[in-house]
Amino acid sequence: MSGCVALVVGAGQGVRFGGAVPKQYLPLAGQAVIRRSLRAFLNHPRVDAVRPVINPEYRDLFENACAGLSPLPFVAGGATRQQSVLRGLESLVDLKPKTVLIHDAARPLVDADLISRVLDALEKTPGAIPALAVTDTLKRAGKDARISETVPRAGLWRAQTPQGFRFDDILAAHRRLVASEATDDAQLAEMAGLAVAVVEGNEDNMKLTTSDDWLRAEQKLGAALEPRTGSGFDVHRFGPGDHVTLCGMKIPHDAGLEGHSDADVAMHALTDAILGALGEGDIGHHFPPSDAKWRGAPSDIFLKHAGALTAAAGGRIVHVDVTVICERPRIGPHRRAMVERLAAILGLEPSRVSVKATTTEGLGFTGRAEGIAAQATATVLLPPPAR
Ligand code: MG
């Protein structure tokens, strides 16, 4: 291999607010922190492979967080970050990458342009790191909180990750300096006499440490979500029966609706609308009618699935609107209950759910009372596709 491998190092035990789960496995705006970090590199066109370094004690959390992604198999980290990086580097020896990017899993907002800047600089120097110039005046103070001096800030930088190196150089430095305690990989490179360049970092590429960091990251990601709108349409024909199911409510009627599941035409249209917003095909793709296990199934299974797919994509449903098209039964008396039922299934405030009905003035198949049609739209906020 001649390309670039990213090591995403998330073997630390640091938890948030005294919880039991290391922070890299906590959801940030709907997606685990480590998933966001891995995706930044998996999606980068100039990164050929991504090696996670984790504590195997959290294997289940890791596998959950990374469902559907394809990094290299993880390697177990060590007792310190430096040991974890060394184990990660040793695991790449057979792959023989030309360059390696070493990144903290707890920096989930790293962006593609920053990664590219590090890679560009690596073409000219053995090492390159993103960093931010220090703009605040720096003071040194003792334990008594009395300032002892003002530190000149000219030429001072705050180091971030990913830190990039030529693979053979940084592996040799880590092996040789295994007994030293460096604060980052660039320090080991410096100690080994390697030239390391600084490229422009990004304030958003912060290491999640305090709850303020967390809030800022959530806001940043929330602002970055983009709206998508999906539409759905469905029809079911009347057959023998004494009730229909619409938006999860059983409504007495002199006919039933035919269909494989409970034939909830309104919930099917809504499920398709959400799947449409996600670009995830349609209900039949996820729940094939040929599969006997969906016979008579309550349709909230389908709607819940669409809601779960939205969450898995890091998204949020902000509004849904369903129109039921029929002459009878009358929808009005059930409208409020339908809104509340759909809201409960999707975990939304009822004000984000609209249900309405119309007739077709006696025209067409709904006018002739041959069946019921429904259409729906869903507005979903989603992270923009990775560039
Ligand atoms: Mg249907």
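Is Arg 153 buried, partly exposed or exposed? In this predicted model, Arg 153 counts as partly exposed, at 35% relative accessibility. The residue sits in the loop between β9 and β10 (157-159). Leaving aside neighbours within four places in sequence, Arg 153 is in contact with Val 134, Thr 135, Asp 136, Thr 137 and Leu 138. Val 134 is 19 residues away along the chain, yet the two C-alpha atoms are 6.4 Å apart.

Strand β8 (residues 138-141) and strand β9 (residues 147-151) run antiparallel and are joined by 4 bridges. Within this pairing, Arg 140 has Glu 149 in β9 as its bridge partner. Between the two strands lie 5 residues. There, Ala 145 takes a positive phi near 60 degrees. Leu 138, a contact of Arg 153, falls within the residue range of β8.

The metal site was examined next. Three residues supply the protein donors of the magnesium ion: Asp 234 (OD), His 236 (NE2) and His 268 (ND1). Their distances to the ion run from 2.1 to 2.3 Å. The spacing of these donor residues in sequence is D-x1-H-x31-H. Asp 234 and His 268 link distant parts of the chain, being 34 residues apart. Asp 234 belongs to strand β13 (residues 226-239), while His 268 belongs to helix α8 (residues 265-278). Both of these residues are buried.

Strand β13 also contains Phe 233. In a regular strand, side chains alternate between the two faces of the sheet. Phe 233 contributes to a nonpolar surface patch, together with Val 235 and Phe 365. The patch covers about 260 Å². Asp 234, by contrast, is buried.

Thr 245 lies in strand β14 (residues 243-246). Its relative accessible area is 13%, and Thr 245 is therefore buried, the cut-off being under 20%. Residues up to four places away in sequence aside, Thr 245 touches Asp 262, Ala 263, Asp 264 and Val 265.

Salt bridges were then counted, and the total comes to 20. One of them pairs Asp 300 with Arg 341, with the closest N and O atoms 3.3 Å apart. Asp 300 lies in helix α10 (residues 300-312) and Arg 341 in helix α11 (residues 335-346), so this bridge ties together parts that are 41 residues apart in sequence. Asp 300 counts as buried, at 13% relative accessibility. Arg 341 is partly exposed, at 29%.

Glu 340 and Arg 336 meet through their side chains at 3.4 Å, N to O. These residues are 4 apart in helix α11, so about one helical turn separates them. Glu 340 is partly exposed, with a relative accessible area of 43%. Arg 336 is also partly exposed, with a value of 46%.

A bridge between Glu 370 and Arg 368 has its closest N and O atoms 2.8 Å apart. Glu 370 is partly exposed, at 40% relative accessible area. Arg 368 reaches 53% and counts as exposed. Elsewhere, salt bridges form a network that links Arg 81, Asp 104, Arg 107, Asp 185 and Lys 207.

Pro 383 lies in the segment after β19 (371-382). Neighbours within four places in sequence aside, Pro 383 is in contact with Gln 31, Leu 225, Ala 313, Gly 314 and Gly 315. Arg 341, the partner of Asp 300, is 42 residues from Pro 383 along the chain. The C-alpha atoms of Pro 383 and Arg 341 are separated by 28 Å.

Definitions and conventions. Residues are numbered from 1 along each chain as its sequence is written. This is a predicted model: local features need pLDDT of at least 70, side-chain atom pairs count only at pLDDT 80 or more; totals for chains, interfaces and linings use all residues. Side-chain values use heavy atoms; hydrogens and water are left out. Donors are N, O and S atoms within 2.8 Å of the metal (3.2 Å for Na, K and Ca); water is not among the atoms, so sites may look incomplete. Buried means under 20% relative accessible area, exposed over 50%, partly exposed in between (1.4 Å probe, protein chains only). Patches are made of residues with over 30% relative accessible area and no salt bridge: like charges are joined within 9 Å, nonpolar side chains (Val, Leu, Ile, Met, Phe, Trp, Tyr) within 5 Å. Accessible areas come from the Shrake-Rupley method with a 1.4 Å probe; for residues, only the protein chains shown count as cover. A salt bridge is a side-chain nitrogen of Lys or Arg within 4 Å of a carboxyl oxygen of Asp or Glu. Two strands pair if DSSP finds at least two bridges between them. Contact means heavy atoms within 4.5 Å.
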